[in-house]
Amino acid sequence: MNTADAVVIGGGVIGTSIAYRLAEYRKVVLIEQGEIGAQTSGSCDKAIFLQSKKPGFPIKLAKASREIYENLEEELGMSIEFKTNGGMIVMESEAHMEAMKKFVKERRKAGMDVRLLDRQEVHAWQPSLSSHIIGASWCSQDAEVNPLLLSQAFARAAKRRGVEMRTHTEVIDILCEHQKVVGVQTSHGHIATGTVVNAAGPFASKIAEMAGVGLTIMPRRGAILITEKMNPMIHGNILCSQYIAAKHAASDTYDMPSYGIGLSLGQTASGNLLIGGSREFKGFDKSVGPEVLSAIAKHASRIAPVLHNVKVIRSMVGFRPFTGDGLPIIDQAKEVEGFIIAAGHEGDGIALAPITGHLVAGLLENQEQYQDLLKPLRLDRLQAV
Amino acid sequence: MNFILKRVVKLMGTDTVICRCEEVMRSEVVRELEHGAVTSKALKLKTRVGMGVCQGRICRPLLEQVISFYTGGTRLPSPDLKSHHPVRPLSVIELAETGKDL
């Protein structure tokens with residue numbers, strides 16, 4: 001019979017980060033229904049944005065994760081194309097100026113290196129942007145990473161610590177006795193374990209249901225265009241002020257732009273441009289229509305006219321796990337002992353993957369230093385509303 | 001077609017280029033196969049094979065033959081590489097101006 005001290009369900013950036021940290025203390029098996037980093041973590045942009053987070057706890061959490069990134073390549077023993085090129089949020093209209101001034105002020109107060117750039121400064125740094133951009137907020141702490149390499153790096157490092165990776169394996173049932181986890185039934189056999197970590201991202205609700213745990217995480221569909229390789233033309237990551245509005249709008253409300261369009265623009269180390277993106281609630285339907293892709297292209301080419309003649313080689317679509325308040329859930333279920341939830345990072349999974357591994361290890365091993373970061377991530381914060 | 005490709009795989013050297021867009025050599029593909037990758041999706045994520053301008057239109061049949069050659073034809077019932085919009089590369093402005101036809 002197979003046994004493990006902990007079974008991690010989900011092999012994206014979150015699951016692999018957790019498996020790697022937990023393996024320091026336990027015998028861990030990771031179960032992934034497909035390939036490592038092939039779903040949400042393989043169809044997202046590459047930004048580690050700090051300034052886009054809300055002041056208060058979300059910024060505190062993102063900063064803790066960002067600090068881990070500083071030495072992560074060294075720790076994991078391979079390149080993840082981590083670059084500290086900063087990031088900017090551009091404004092197209094004077095109407096956004098007041099809100100942007102407040103935005104910058106709040107973040108400076110939170111101890112971040114953020115400042116307002118005027119038109120000339122924006123163009124000096126990003127000559128590719130349209131001359132109608134009136135200004136931008138700039139944060140030197142925003143960074144970039146290759147999400148594909150990040151998943152692979154965590155997975156490899158986890159393997160070296162003895163984690164058994166079972167890809168192409170589906171979870172069929174979570175076995176419980178007397179409100180306690182006792183095992184996981186998979187498409188390739190049974191694993192006896194007292195601890196299950198649900199890191200299934202947008203599929204986390206389905207996994208929770210198997211354990212009889214109520215969990216509402218909705219798939220929020222996002223599409224991104226990928227272009228041919230170009231010489232360096234974009235420095236760091238660029239968002240637009242509309243992106244921030246779409247990100248923080250709780251649902252498809254009246255202030256949501258159509259298809260939740262907001263610019264997210266960056267260039268990978270290999271030269272491809274990633275042009276995002278949209279935010280829609282469409283269940284698990286992956287077929288994004290041409291109107292959405294066209295709207296992304298239209299919005300991006302208005303802000304960066306240099307893109308006009310760049311060829312789009314494909315689009316990619318991912319499901320971001322949406323909790324409702326913009327924060328993930330990292331907690332033990334009340335109903336079932338040994339059932340841990342670590343999901344719901346929505347569009348912040350790349351930024352928050354490093355700290356999530358530490359937090360789950362901190363939760364399971366009762367490490368005092370992480371308790372203040374874990375408290376606001378409890379499941380009952382959402383149920384109380 | 002498959003018969004010819006099978007012969008081609010046998011004739012290849014380790015430094016034969018599988019994916020021209022991303023310059024992925026057969027040796028890199030084989031190394032990942034030896035490390036446990038069994039699908040073209042896994043190989044793509046690990047080596048960037050098929051991630052270039054042609055999006056696998058040229059290299060996919062060859063890649064699949066290499067996988068088949070090394071895994072003895074045992075293919076997992078998992079989904080392999082899919083095609084994505086747009087069907088052919090088109091410029092950002094063309095895409096922006098259509099809204100309909102891709």
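In which loop of chain A is A:Q179 found? A:Q179 lies in the loop between β10 (171–176) and β11 (181–186) of chain A, where helices (H or I, at least four residues) and strands (E, at least two) are DSSP runs numbered from the N terminus. Although A:Q179 is not a glycine, its phi is positive, at about 55°. Most residues other than glycine have a negative phi, and most peptide bonds are trans.

The model is predicted, with local features requiring pLDDT of at least 70 and side-chain atom pairs counted only at pLDDT 80 or more, while totals for chains, interfaces and linings use all residues. Residues are numbered from 1 along each chain as its sequence is written, chains are lettered from A and ligands numbered from 1 in the order in which they are written, and side-chain values use heavy atoms, with hydrogens and water left out.

Two peptide bonds are cis. One joins A:G276 and A:G277, with omega about -20°; A:G277 is placed in the loop between β17 (272–276) and α9 (290–303) of chain A. The other runs from B:H85 to B:P86, with omega near -10°, and B:P86 belongs to the loop between α4 (60–71) and β3 of chain B.

Chain B gives 33 residues and chain A 32 residues to their contact (heavy atoms within 4.5 Å). The buried area (accessible area, 1.4 Å probe, that two parts lose on being put together, summed over both) is about 2,600 Å², with 59% from carbon and sulfur atoms. On the side of chain B, the most area is lost to chain A by B:L45, B:V92 and B:L95, together 24% of what that side buries.

One salt bridge (a side-chain nitrogen of Lys or Arg within 4 Å of a carboxyl oxygen of Asp or Glu) is found across the interface. B:E22 forms this bridge with A:K229, and the closest N and O atoms are 2.9 Å apart. Elements of chain B that give two or more residues to the side touching chain A are α3 (40–47), β3 (90–91) and α5 (92–98).

Strand β18 (residues 311–322) of chain A runs antiparallel to β3(B), to which two bridges join it; strands pair if DSSP finds at least two bridges between them. Opposite B:L90 in β3(B) stands A:V312.

An unreviewed UniProt entry places the feature "domain: BFD-like [2Fe-2S]-binding" at residues 17–67 of chain B; such annotations may be inferred rather than shown by experiment. Over residues 17–67 of chain B, the chain is 49% helix and 10% strand, with the end C-alpha atoms 15 Å apart.
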